[in-house]
Amino acid sequence: MKYSGIGGQAVIEGIMMKNKQEYATAVRKPDGEIEVKKDRYVSMTEKVKLFSLPFVRGVFSFADSMILGMRTLTFSAGFFEDDEVEEEPGKLEKWLDDKFGEKLEKALMPAVMVFSVAAAVAIFMILPLGISSLIRPLVGSDTVMAFLEGMIRLAIFIAYIKVISNMEDIRRTFMYHGAEHKCINCIEHGMELNVDNVRASSKQHKRCGTSFLIIVMMISIVFFMVVRVDGFLLKMVSRIVLIPVIAGVSYEFLRIAGRSDSCVVNFLSKPGLWMQNMTTSEPDDSMIEVAIAAVEAVFDWRAYLAENFPDSACAGSLKGAD
């Protein structure tokens, strides 16, 4: 495996792939055609030098992924809006539209992001702390309590994935997620990017966002074993305050994992790869075609193979053409 620098995410009936400042969103439209939109996004870590520092860049990279995710999801959702006659908007909707107009849609995006982050903190940080505090009288050790809290956090996350995976749209999104990973693995293992090679590639990848979340949960156990405060309120504050620190450390590990094939890194990546069995599924060929379209819009995989895998068949044919 050789690092390519490309990454992406699944959207509604499609995939977004990003390479440096360029990204492309490919969507399979209801009529069966593939629509590809290419654009640019400059990361906050590139705009502000301070944000690119190790253990700092993780938080801002996560924010970048949320912003880009919202943009691409909005784009893909536009192809699947209900064509039925819309109901007459209510008074509140009319007032908001008259008052804010197009500004309302722009304002909703950051509001949704803030709400999503707050909900995630409440569900995956505060709730496990609350549940574990109920059994604290039965457990005297703070170390054991921190471990139990971490296990509760992990159990909630697994239960959440299990619940949403029963939704048809989410199941298809997980299939596109698998297609995204397979495309990247195909390229980074020196194979020509075509449907057959992508289908034969792994749907697990160490740089996946699922792996990042699992790493966050594992590292949080260690942090909360070391950082000890008394009282439920102070513990709750510590969970929130330490989130950027934990995210920063987790991101650095993920960067190393994505570039290393050592036995130690591979072993530590196992929990995240295992969890990806729940968030990725085997895609069909039509989904793989969408993933390939997204990759080819932003990444010259032939030149990449020629440089990094000069013995590959595709690289050889490229040299012959030159």
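This is a chat about the fold, contacts and side-chain pairs of one predicted model.

Reader: Before we start, what kind of model is this, and how are residues numbered?

Author: It's a predicted model, where local features need pLDDT of at least 70, side-chain atom pairs count only at pLDDT 80 or more, and totals for chains, interfaces and linings use all residues. Residues are numbered from 1 along each chain as its sequence is written, and side-chain values use heavy atoms, with hydrogens and water left out.

Reader: What about the accessible surface, how big is that?

Author: About 17,700 Å², and 63% of that belongs to carbon and sulfur atoms. The areas come from the Shrake-Rupley method with a 1.4 Å probe, and for residues only the protein chains shown count as cover.

Reader: OK, salt bridges. How many does the structure hold?

Author: It holds 15. A salt bridge here is a side-chain nitrogen of Lys or Arg within 4 Å of a carboxyl oxygen of Asp or Glu.

Reader: Which residue does Glu149 pair with?

Author: Glu149 forms a salt bridge with Arg239, and the closest N and O atoms are 2.6 Å apart. Arg239 lies in helix H9 (residues 232–241) and Glu149 in helix H5, so the pair ties together parts that are 90 residues apart in sequence.

Reader: Are those two buried or exposed?

Author: Both Arg239 and Glu149 are buried. For Glu149 the relative accessible area is 2%.

Reader: What else does Glu149 touch?

Author: Leaving out residues up to four places away in sequence, Glu149 touches Met125, Pro128, Leu129, Ser132, Phe224 and Arg239. Contact means heavy atoms within 4.5 Å.

Reader: What does Glu252 bridge to?

Author: Glu252 forms a salt bridge with Arg57, with the closest N and O atoms 2.7 Å apart. Since Glu252 is in helix H10 (residues 243–259) and Arg57 in helix H2, the pair ties together parts 195 residues apart in sequence. Glu252 is buried at 11% relative accessible area, and Arg57 is buried at 16%.

Reader: And Asp261, what's its partner?

Author: Asp261 forms a salt bridge with Lys206, where the closest N and O atoms are 3.7 Å apart. Asp261 is exposed, with a relative accessible area of 53%, while Lys206 is buried at 10%.

Reader: Switching to rings: how many aromatic pairs are there?

Author: There are 7. Rings of Phe, Tyr and Trp (its six-membered ring) pair if their centres lie within 6.5 Å; planes under 30 degrees apart count as stacked, over 60 as edge-to-face, and the rest as tilted.

Reader: Why is the Phe62 and Phe212 pair called what it is?

Author: Their ring centres are 6.1 Å apart and the planes sit at 25°, so the pair is stacked. Phe62 is in helix H2 and Phe212 in helix H8 (residues 209–226), so to speak two distant parts of the chain, 150 residues apart, linked by the pair. Phe62 is partly exposed at 36% relative accessibility, whereas Phe212 is buried at 10%.

Reader: What does Phe212 touch?

Author: Not counting residues up to four places away in sequence, Phe212 touches Phe62, Ala247, Ser250, Tyr251 and Leu254.

Reader: Last topic, how many disulfides?

Author: The structure holds 0 disulfides, a disulfide being a pair of cysteine sulfur atoms within 2.5 Å. For Cys183, the nearest cysteine sulfur is that of Cys186, 6.8 Å away. Cys183 counts as buried, at 0% relative accessibility.

How values were computed. Buried means under 20% relative accessible area, exposed over 50%, partly exposed in between (1.4 Å probe, protein chains only). Helices (H or I, at least four residues) and strands (E, at least two) are DSSP runs, numbered from the N terminus.
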